[in-house]
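Here is a short tour for anyone about to set up calculations on this chain. Have a look at the structure first, and then read on.

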Amino acid sequence: MVRLENLTKFFPTPTGRKYVTNDLTLTFPGDVSVALLGGNGAGKSTLLKMIAGTLMPDSGRVISEGAISWPVGFAGSAHRDLTGLQNVRFVGRVYGVDTDALVEFVEDFAELGAHFNMPVRQYSSGMKSRLAFGISMGIYFDTYLVDEVTAVGDARFKRKSREVFQERMQHSSAFLVTHDMKQVRQFCDVGCVLNDGKIHYFEDLEEAINLHETLMA
């Protein structure tokens, strides 16, 4: 369960405050996966970071139950001066999992080759995303926060990412940010559309998709 209580987040602009959420109260059940839809700049990634606790709201709070992942695809989830291997072991110790098993999974999944033993500052953005996605999929969370990361890599790697994510969704829920409506229909149960500082919540996923596509037209 994730509950937003009177949640307000805004950013200053030359024309005034741009709200991502404005005194929003909303509860997401723990047994559903949520599609976060909206145009570029609508605040989808910002909302993910607030749910994760990596970004504080201006007022209000986020209440959650169960283990929640960091925002997968968020560049700050890996320390740039540590190697990929060191990052994996550090995260494994923080979350209390078998670090050797986690290293084995991530090294095989992320396909970083020799870069796995190099500092993350030498990684491309795609390599950072593959590392972050591999670490998060190697740890079992109750809720995964995913930001477009399954779009990284070639067709084979995308397919592998979708397959492992689908396996995790058999036992967990997710908040998913993507522009791919095929993935939305595959992984999500309900939808939220962010637009002009408001969030429209739909238990009927197709209604959320229809509104999103109308706003994007």
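Phe 90, Val 94 and Tyr 95 together make a nonpolar surface patch of about 300 Å². The model is a predicted one, so keep that in mind as you read. Phe 90 belongs to helix α2, which covers residues 84–95.

Now to the strands. An open sheet is built from six of them, ordered β5-β6-β7-β3-β8-β9, with mixed pairing. At its edges stand β5 (68–72) and β9 (198–202); each has a single partner strand, so one side of each lacks a neighbour in the sheet. From one strand to the next, the twist averages 15 degrees.

Within this sheet, β3 pairs with β8, and Ala 35 has Gly 191 of β8 as its bridge partner. Helix α7 (residues 205–216) lies across β3, β8 and β9, and runs at about 25 degrees to β8.

Strand β1 has pairings of its own, with β2 and with β4. β1 and β2 form a hairpin, with two residues between them. Lys 9 stands opposite Thr 21 in β2, while Leu 4 stands opposite Val 62 in β4.

The table sets out three of the pairings.

| Strands | Residues | Direction | Bridges |
|---|---|---|---|
| β3 and β8 | 34–37 and 190–195 | parallel | four |
| β1 and β2 | 2–13 and 16–28 | antiparallel | nine |
| β1 and β4 | 2–13 and 59–64 | antiparallel | five |

Notes. Residues are numbered from 1 along each chain as its sequence is written. This is a predicted model: local features need pLDDT of at least 70, side-chain atom pairs count only at pLDDT 80 or more; totals for chains, interfaces and linings use all residues. Side-chain values use heavy atoms; hydrogens and water are left out. Patches are made of residues with over 30% relative accessible area and no salt bridge: like charges are joined within 9 Å, nonpolar side chains (Val, Leu, Ile, Met, Phe, Trp, Tyr) within 5 Å. Accessible areas come from the Shrake-Rupley method with a 1.4 Å probe; for residues, only the protein chains shown count as cover. A salt bridge is a side-chain nitrogen of Lys or Arg within 4 Å of a carboxyl oxygen of Asp or Glu. Two strands pair if DSSP finds at least two bridges between them. Axes are lines fitted to C-alpha atoms, for helices over the stretch in contact, and angles run from 0 to 180 degrees between N-to-C directions. Contact means heavy atoms within 4.5 Å.
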